[in-house]
Amino acid sequence: MKPVRFIVVGGFLGAGKTSLLCRLAKRYVELGEKVGFVTNDQADNLVDTKLVELRGFQAKEIPGGCFCCRFDELIAAAKEFVDQTRLEILLGEPVGSCADLAATVIQPLRRKCKDLFELAPFSVAVDPLRLEDMLLKEGRGKLRTVLSYLTEIFILKRKKPRFPASIAYLFTKQLEEADVILLNKVDLLSDTDRRSMLGFLKERFASAEVVLVSARTGEGLDRWLGVLKQDLSAGKQALDIDYDRYAEAEAELGWLNATFKVSQREGFRARVLLQELALDLRERFLLHKAEIAHLKMFLGSEGRGAMVSLVRNEAQPEISQEGGDVIDEATLTINGRVHLSPDLLRQAVTKSVETVASRLGISYSVEELSSFRPAYPNPKYRYNTTKEE
Ligand SMILES: Nc1nc2c(ncn2[C@@H]2O[C@H](COP(=O)(O)OP(=O)(O)OP(=O)(O)O)[C@@H](O)[C@H]2O)c(=O)[nH]1
Ligand SMILES: [Mg+2]
């Protein structure tokens, strides 16, 4: 059987991995290819899985740890998925707080599953505003969209929360191991900002190919497709990484996955519930001076769904929707990754759902709720060289 093309897109939380992969999947489907997703998280109840399924793609979820720590489960699930569905292309999205994937996922896949998978160059997505906060904030001109600038001035007013240095370390390591860096969300940038970001990335991460893309508009997609076809030896950047610092960075983030049942006999507007929850939670996080890495919520009911996403405190909640807006009963899934302790994160989410549901006259019940810090990364395999065994 012909090997399945396996395309992995990494990158920090909220960089746009799922959005880019959905764009790519749509294009492959137009080209007549059969495509499936493997999604991944530290816990189950994933917004990403629900979103890609709602968009009409098949997905297999690997919960309970990142691809590197659950490598055998990844292989078993991917094999079964491919056998059942006769896929030609498999799209993999690792957890956004993971690094060292070239050595612990791409290289092991190349060596152990040669007949099954053909590995595409490892792409790492980056959000330009996050890049600016993490790596460019000192000594460079501010890169700000007018909207985020105004939000910062008029809404936040308070001191801007920041991630600690260990998270900037993790963020940098994610970029250092990329075969391809996808500077995403370029629709938000001026020509000058695009040029300066491109110049910075090319200089700082010289061995990666840098592609400017927008999952929103589709810009750069063809160029990325062209790069993915190349047989660059995938995962070729052997990373020098201090696992203690990496673990410290991951553990800075509180992680929450929860599902609630929500209902209202006369029906409520999905958009309104999601928007109000996002704004209420943002206020609560600001009181703790806790920076949001990615807060995403999905409201799904019988083939319909709406999602809200907030990728930093000063951003506006972004809502996307498929199907009608008025819902009488639905499942609300919340995935929060915030620079806050798991206990405070749980309290904030519980209180927020209670407050907003009561304000909108919506009944709710908690189905599942887990909050924790990611455990010390413990990859099953690690090959920090591209030399084949
Ligand atoms: N303006 C703009 N927004 C984008 C683009 N790509 C993604 N986004 C938005 O960025 C947010 C996060 O996108 P996701 O695709 O969920 O990001 P992710 O990297 O998969 O996030 P995690 O899975 O949580 O790590 C969503 O609100 C998207 O709509 C883009 O090209 N332009
Ligand atoms: Mg995602």
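Asp242 sits in the loop between α9 (221-229) and α10 (243-252). With 35% relative accessibility, Asp242 is partly exposed; buried means under 20%, exposed over 50%, and partly exposed in between, with a 1.4 Å probe and protein chains only.

## About the model

This is a predicted model, where local features need pLDDT of at least 70 and side-chain atom pairs count only at pLDDT 80 or more, while totals for chains, interfaces and linings use all residues. Residues are numbered from 1 along each chain, ligands are numbered from 1 in the order written, and side-chain values use heavy atoms, without hydrogens and water.

## The magnesium site

Thr18 (OG1), Asp48 (OD) and Glu93 (OE) coordinate the magnesium ion (ligand 2) at 2.1 to 2.2 Å. Thr18 belongs to helix α1 (residues 17-30) and Glu93 to the loop between β4 (89-92) and α4 (101-112), so this pair ties together parts 75 residues apart in sequence. Donors here are N, O and S atoms within 2.8 Å of the metal (3.2 Å for Na, K and Ca). Thr18 is buried, at 9% relative accessible area, and Glu93 is buried, at 9%.

## Two positive phi angles

Asn45 isn't a glycine, yet its phi is positive, about 65°. Asn45 is in the loop between β2 (35-40) and α2 (47-54) and is buried at 16%.

Arg86 has a positive phi too, near 55°. Arg86 lies in the loop between α3 (71-85) and β4 and is exposed, at 51%. Helices (H or I, at least four residues) and strands (E, at least two) are DSSP runs.
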